[in-house]
Amino acid sequence: MACGVGVCLGCVVKTKNTDEHSRVRNARICTEGPVFAASEVDI
Amino acid sequence: MSSLNLTVDFAGHTFRNPVTVASGTFGSGMEYSRYTDIEKLGAITTKGVSDKPWEGNPAPRVTETPSGMMNAIGLQNPGIDVFIERDLKFLSSCDVPVIVNVCGHSAEEYEAVLERLSEDDRVSMFEINVSCPNVKQGAIQFGTDPLMLKDITERCKAKAGKKPVIMKLTPNVTSIAVMAKAAEEGGADGLSLINTLTAMKIDIYRKKFVLANKTGGLSGPAIHPVAVRMVYEASHAVKIPVIGMGGVASYEDAIELMMAGATMVAVGMMNFTDPGITMKIIDGIEKYMRDTGLDDIRDIIGIL
Ligand SMILES: Cc1cc2nc3c(=O)[nH]c(=O)nc-3n(C[C@H](O)[C@H](O)[C@H](O)COP(=O)(O)O)c2cc1C
Ligand code: FES
């Protein structure tokens with residue numbers, strides 16, 4: 001994790017659906033996470 | 001006490017101070033506006049935006065290195081539509097000039113973004129990223145071949161309307177002076193440098209590359225002396241103004257880049273270490289001016 005506040009996009013995890021903020025299939029762990037529903041992420 | 005002048009002129013615009021942020025290290029200011037007074041910045045330079053949303057590279061994308069970090073984000077961004085609706089809308093509610101950083105895989109993709117923003121009052125200038133080491137296609141090729149750089153500069157200028165076009169150069173070249181001249185010949189109104197240095201890190205126990213992309217761009221204080229050298233060489237090769245960046249961590253670093261030839265200075269990775277660093281740097285520049293009897297910051301630009 002580099003910035004920890006949602007600007008660097010260094011911390012992302014692949015998501016099943018398009019993420020509301022990033023508009024691609026990546027969510028920021030520092031901001032949208034760190035806890036995700038297992039069904040929402042690809043790990 | 002005499003009043004200090006911190007304003008600088010860059011490509012026809014006057015900025016209230018020479019300090020901006022490096023693209024990709026500040027988003028569009030939304031997040032950092034919670035921690036710092038973004039309206040005190042000379043300008044905000046936004047994260048690279050392309051005509052369509054880009055997914056970027058697989059994770060892991062970042063790793064820490066001595067006095068710096070490596071990243072291979074791969075220019076993930078939501079695309080120009082969302083940028084205009086959300087990011088520019090936010091920025092138009094703030095009293096701060098905006099420099100929009102543009103990325104693309106092809107000349108057509110850069111042009112598509114510029115066409116959307118060329119008449120937009122909220123945008124002061126464009127910064128064209130032809131130097132991202134983390135995107136395989138396009139991008140860095142435009143920035144490492146002087147003929148391609150001149151060509152892409154001409155094409156961007158043709159679509160930018162009246163707005164100044166700044167070409168952002170990569171340090172991953174043999175001669176930065178040659179690239180600076182190529183951009184100037186293509187009609188660039190300014191240059192910005194340096195982007196990150198291509199680097200690699202290996203996990204010796206896992207026997208694997210640390211970054212999924214294998215290579216990443218090195219940034220932070222580790223690259224600052226390289227930035228000083230390149231800003232010096234580039235600014236002395238051309239007449240157009242330069243935004244200097246690379247590892248700026250203090251007002252001393254900012255002044256150093258200005259003495260080397262930069263008219264403005266961008267703070268990048270160090271925003272991650274200290275979200276208030278830009279304010280400290282602006283205050284520090286004022287202190288330096290008072291301490292050394294310098295009334296006008298413009299008097300130190302390129303004095304060496
Ligand atoms: C996480 C991260 C993301 C970046 N994203 C971009 C980008 O989208 N466009 C760009 O032109 N440069 C990008 N850069 C490069 C910076 O703007 C800057 O040129 C470089 O990091 C050197 O400055 P610094 O050492 O102060 O960080 C990025 C750098 C980092 C660390
Ligand atoms: S750590 Fe920077 S976006 Fe999450």
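This is a predicted model: local features need pLDDT of at least 70, side-chain atom pairs count only at pLDDT 80 or more; totals for chains, interfaces and linings use all residues.
**Ground rules.** I number residues from 1 along each chain as its sequence is written, with chains lettered from A and ligands numbered from 1 in the order in which they are written.

**Chain A.** I looked up the secondary structure and got 0 helices and 2 strands (DSSP runs numbered from the N terminus, helices being H or I of at least four residues and strands E of at least two). Along the principal axes, the C-alpha atoms fill a box of roughly 25 × 20 × 15 Å. Chain A has 43 residues, and 47% of them count as buried (under 20% relative accessible area, with exposed over 50% and partly exposed in between, using a 1.4 Å probe and protein chains only). I then checked contacts (heavy atoms within 4.5 Å). Among those in chain A with a separation of 6 or more, 33% join residues 24 or more positions apart. The accessible surface is about 2,200 Å², and carbon and sulfur atoms hold 53% of it (Shrake-Rupley method, 1.4 Å probe; for residues, only the protein chains shown count as cover).

**Ligand 1.** I found 24 residues around ligand 1, of which B:S23, B:K168, B:G220, B:G247 and B:M269 come nearest (a residue is near if one of its heavy atoms lies within 4 Å). Next I listed polar contacts (pairs of N or O atoms within 3.5 Å; within protein, one must be able to donate a hydrogen and the other to accept it, and residues adjacent in sequence count only if both atoms are side-chain atoms). The side chain of B:N101 places an N or O atom 3.0 Å from a ligand oxygen. For B:G220, a backbone N or O atom is 2.7 Å from an oxygen of ligand 1. A polar backbone atom of B:G247 also lies 2.7 Å from a ligand oxygen. Ligand 1 taken alone exposes 610 Å², and the protein buries 98% of that.

**Aromatic pairs.** B:F26 and B:Y32 are stacked because their ring centres are 4.7 Å apart and their planes meet at 25 degrees. B:F26 has a relative accessible area of 0%, so I log it as buried. The pair of B:Y110 and B:F142 is edge-to-face, at 5.8 Å centre to centre and 80 degrees between planes. B:Y110 sits in helix α2 (residues 107-117) and B:F142 in helix α3 of chain B, so this pair ties together parts 32 residues apart in sequence. Ring pairs also link B:F26, B:Y32 and B:Y35 into a cluster.

**Around B:F26.** B:N271, in helix α8 (residues 270-273) of chain B, is buried at 0% relative accessible area. Beyond four places in sequence, I find that B:N271 touches residues including B:F26, B:Y32 and B:T278.

Notes
Side-chain values use heavy atoms; hydrogens and water are left out. Rings of Phe, Tyr and Trp (its six-membered ring) pair if their centres lie within 6.5 Å; planes under 30 degrees apart count as stacked, over 60 as edge-to-face and the rest as tilted.
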